[in-house]
Amino acid sequence: MNNGKGNNKRGSSNGKPGFGPKKSNAAGKPNFKKDDRKSNFSKPKPDFEKKPKAPKGPASDDIRLNKYISNSGVCSRRDADIYIQSGNVKVNGEAITEMGYKVKPGDVVNFDGTVITPEKKEYILLNKPKGFTTAGDGDGNTANVLDLVRNATKAKLQSVGRMDKSTTGLLLFTNDSDMVRKFTAPNQRSSKVYQVTLDRNLKFEDLEKIQKGLTIDNFRVYVEEISYIENEPKSEIGLKMKTSNVKVVRSIFEHLEYDVIKVDRVVFAGLTKKNLPRGNWRFLTDQEIINLKNI
């Protein structure tokens, strides 16, 4: 895996198929007697030239409505038929109950109150390096994190949460809008672990204040855990909390008049940086996707 590139191999099989055409065997040939060959066997039919097939026209971009729904990942084709029959699917604002209805390019499909697209859902984990920022941040001189995962897929990705250019660590990308909303909502329940480097040692009494909760800008901020990093200076702090907003992490220490030198997200909703060097990305496994959806 090269720096800045991911391993986009999704698995392949090296096994050879155990089936196929069998070789002819002389022992398997019919052994007719001389008189048998003169029996009433029908003569082989003459070969006729086959008529050439008519050339196929250009493939239509239209897609059956139930397949469109299935491709979006919300349910199977069979279940989609049930939703269609019950009138819970709209195309361009009109309820469709016709089986076999075809969706045209540009049509807007609303499934049970939510607009859907047939694009396959992709989930990519990046170990973000310094100097890159999330979409909409920074100035024109700062590179965007999307540049690091642009060649991973043709899907239109967005980052789950925001990161400034000085923050490093795990950042999730997906075209699954439900997943983005889930992990950026104020009441979301997934834990993240941050390693924070301060300009000086964190006083124990300040550590206790953070553990009990702080009021910052009239908002109460709570952490799940906070501790010094083992075998490191007391300016290296481990912080576990549910927010994916790195600005909140920085504000905790700045509120107590510490300068934050570095923030590195080392765990995101159970995902870790194991075997993922800085600047590299990888696709999530099927099990990891299931785990995220079940949080």
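## Cavity, pocket and a helix pair

The largest cavity holds about 30 Å³ of space. The model is predicted: local features need pLDDT of at least 70, side-chain atom pairs count only at pLDDT 80 or more, and totals for chains, interfaces and linings use all residues. Residues are numbered from 1 along each chain as its sequence is written, and side-chain values use heavy atoms, without hydrogens and water.

A search of the whole structure finds one cavity of 30 Å³ or more. On a 1 Å grid over the protein atoms alone, a cavity is a set of points where a 1.4 Å probe fits but cannot get out; a pocket is an open set with protein on both sides within 12 Å along at least five of seven lines; lining residues have an atom within 4 Å of a point. Grid points are joined across faces, edges and corners, and a volume is the space filled by probe spheres set on the points.

Arg-64, Leu-65, Asn-66, Asp-81, Ile-84, Met-99, Gly-100 and Tyr-101 line the largest cavity. Helices H2 (65-71) and H3 (77-85) each supply at least two of its lining residues. Helices (H or I, at least four residues) and strands (E, at least two) are DSSP runs, numbered from the N terminus.

The largest pocket has 20 lining residues; closest to its centre are Ser-72, Val-74, Lys-121, Asp-176 and Asp-178. Helix H5 gives the largest share of this lining, five residues. Strand E6 (114-116) supplies at least two.

**H5 against H8**

H5 (residues 177-184) packs on helix H8 (residues 286-294) at an angle of about 55 degrees, with the axes 10 Å apart. Axes are lines fitted to C-alpha atoms, for helices over the stretch in contact, and angles run from 0 to 180 degrees between N-to-C directions. H5 is therefore oblique to H8 (under 35 degrees is roughly parallel, over 145 roughly antiparallel, 65 to 115 roughly perpendicular, the rest oblique). Met-179, Lys-182 and Phe-183 in H5 meet Leu-292, Lys-293 and Asn-294 in H8. Contact means heavy atoms within 4.5 Å.
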